[in-house]
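Okay, thanks for coming, everyone. I've got a few minutes on aromatic rings and helix packing, so let me put the structure up.

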Amino acid sequence: MAAETGTPTTLTLKSNDDELFSVAESAAILSVTIRNMVEDGCAGGVIPLDNVDGKTLASVITYMNGISAIPADEEKKKSYRDKFLSDKDFETLADMVLAANYLNMSCLMDAVSAKIAQVMEKKSVGWVRRKFGIENDYTPEEEAAVKEEHKWTFEGVETDDDN
Amino acid sequence: MEEDDQKPQLQVAAAPPPPPAAEPTELAYIPDCIIEEILTRVPAKTVFRCMAVSHPWLSMLDNRRFFQKHHSLSSARPLVVFSDPLGGKANRILHLYEGRTSSDFEPRTRSLSTRIDFPDIARGRCTFLHDVNTLVTSCKGLVCWATHRGAGDVVISNPITGEYVLANTHARGRNSLREVASVFIGLGYSRRTNSFELLKMTLGLLDPIDFTMGWYPELLALGAKSSWRPAGEASEFDFSRKVCDLVNVDDGTVYWRYKEEPSICSFDFDRTLFRFVDLPEFEGPALKTVSLGVLDSALCVSFVSPDDSHVELWSARTVDNGGAHGVGTAWKKLYHIETVTTMLENSGRVWSRGAYQPVMYVEANKILMHDWRTNFLMYDEDNKKTRYPI
């Protein structure tokens, strides 16, 4: 990717709340969205990322730098991803999955989706509605019927305090 | 790319066209396509629970397309257990277990399993599911088994949805004249044709002129209105014997073994290629106690020593040396399980003699196995203990 000079190229990314970030081009092009812009020659100045806020973008860039520093070793990459996501809460993960989707970064998308899936595993229906912002459009009777049909799946679910 | 050095650069990059979608409220608004992406990765139990979230979620989750996607990505391999493998009425019931952590297999959480009844397909066939231990195979989440050997019926089921279809392996029409008997071998997935295929061996007329009889392999693609077609060359294989230890490996290959035979037979659905795989070099093979299984998408063999003092687990890796016949197998010894110490520490419960089939890794270094009597046990490499969980 880099030019003949051999000096690493740096890109400047701008979040939707106007924070600026410098990142090595070689790391940033993990994002297909950014790579396309670079290849189209429109990465000269600041790259505005209208769908990503500064906090999330900082995280994504940490990930870009971390993962691109690891040579082609899928196991090490996986353990880096696990560690990187281990301390993130649901809201952060939700922001990251949206950012990964917008930036078209399949490896981050897969990892964050899997992490959210893991977080959801033992959560109650109420928790899922609240966290995903889903409106319950069942009547109480309908909801009871659906729950009755899949009764076995409600065993071992974490209790939900603020439902 | 080429303007890396040109300092006065092109125009400051035009903003990429923002996606048309509306932007969030307080909660991060996650589009349905991403939610679906996430839900294909939760365990089946969570999928069914999430159907109670809302009508849109119910229609997103409760359909065949979603189930197929979920199966293809599912990291937890559904484990299907017949309630009564030795026969009787109850053997029409499958129990589906989907465990990820070893606690999922504790007796108390056993209600994790769901029952699937097969009410009408067994009607009038008291021999249904006979031989079932040797002929259940699982392929990308689909489970497949043959009814009584020779009866010709094969059941293919999606254990998560409880759907099943019945296929008959007998030839119809003109072909039936040249078919004397057939043995169903297994179900596989071919990436070449992008479909599930059934493999059977048929005994019949090879040559209508001189009336030579012999075994020949045939394939049937599921779904399409296709008919059995010849599949590869298998003249070295003797199919008159009973197939045992049939396993599917994710690379599109089915493996099986015959009793008292020092090698494994395999059929590669992608290459339509039959092949013998030599067993690894055990100390003094005692073939009656060799068993095949699948761990981590690799063929695995367990071997019980002749004096029953230990169990060895080996895994195979397919080595492609190029060319149609350049496929080899490299064996690696995974575990050496001392059954004597295990017996003492296991408060009197003894590993019974006979074969142990590795079923799956549950967590790192914990292996679910089952013995020939279909008792399940968990082997824990870290503290060398086993439990009888199911």
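Let's start with a charge and a ring: the charged end of Lys123(A) sits over the ring of Trp127(A), at 5.3 Å from its centre. And keep in mind, please, that this is a predicted model. There's another case like that to look at: Lys88(A) lies over the face of Phe84(A), with 4.4 Å to the ring centre.

Now, ring on ring. How many aromatic pairs do we get over all chains? The count comes to 8. Take Tyr63(A) and Phe84(A): that pair is tilted, with 5.4 Å centre to centre and 45 degrees between the planes. Tyr63(A) lies in helix α3, residues 54–68, and Phe84(A) in helix α4, residues 74–86, both of chain A, so the pair ties together parts that are 21 residues apart in sequence. Buried or exposed, then, for Tyr63(A)? Tyr63(A) counts as buried because its relative accessibility is 0%. Phe84(A), at 9%, counts as buried too.

Next pair: Phe90(A) and Phe132(A). Here the geometry is edge-to-face, 5.2 Å between centres and 70 degrees between the planes. Phe90(A) belongs to helix α5 (residues 90–103) of chain A and Phe132(A) to helix α7 (residues 125–132) of chain A, so this one ties together parts 42 residues apart in sequence. Both of these Phe residues are buried. And they're in a cluster: Phe90(A), Trp127(A), Phe132(A) and Trp57(B) form one aromatic cluster.

That brings me to Met120(A), which sits in helix α6, residues 106–120, of chain A. With 0% relative accessibility, Met120(A) counts as buried. What does Met120(A) touch, leaving out residues up to four places away in sequence? On the chain A side, Trp127(A), Val128(A) and Phe132(A); from chain B, the contacts include Ile38(B), Leu39(B), Val42(B) and Trp57(B). One more distance: Met120(A) and Lys131(A) are 11 residues apart in sequence, and their C-alphas are 9.9 Å apart in space.

Last stop, helix α2 of chain A, residues 32–39. Its buried residues are Thr33(A), Ile34(A), Met37(A) and Val38(A). Looking down the axis of α2(A), those buried residues fall within an arc of 135 degrees, so they line one face of the helix.

Okay, that's me done. Over to you.

Technical notes:
Residues numbered from 1 in each chain as written. Chains lettered and ligands numbered in written order. Predicted model: local features only at pLDDT ≥ 70, side-chain atom pairs only at ≥ 80, totals over all residues. Heavy atoms only, no water. Helix = DSSP H or I, 4+ residues; strand = E, 2+ residues; numbered from the N terminus. Buried < 20%, exposed > 50% of the residue type's maximum accessible area, 1.4 Å probe, protein only. Contact = heavy atoms within 4.5 Å. Phe/Tyr/Trp six-rings, centres within 6.5 Å; stacked < 30°, edge-to-face > 60°. Lys NZ or Arg CZ within 6 Å of the ring centre and 35° of its normal. Arc of directions from axis to C-beta.
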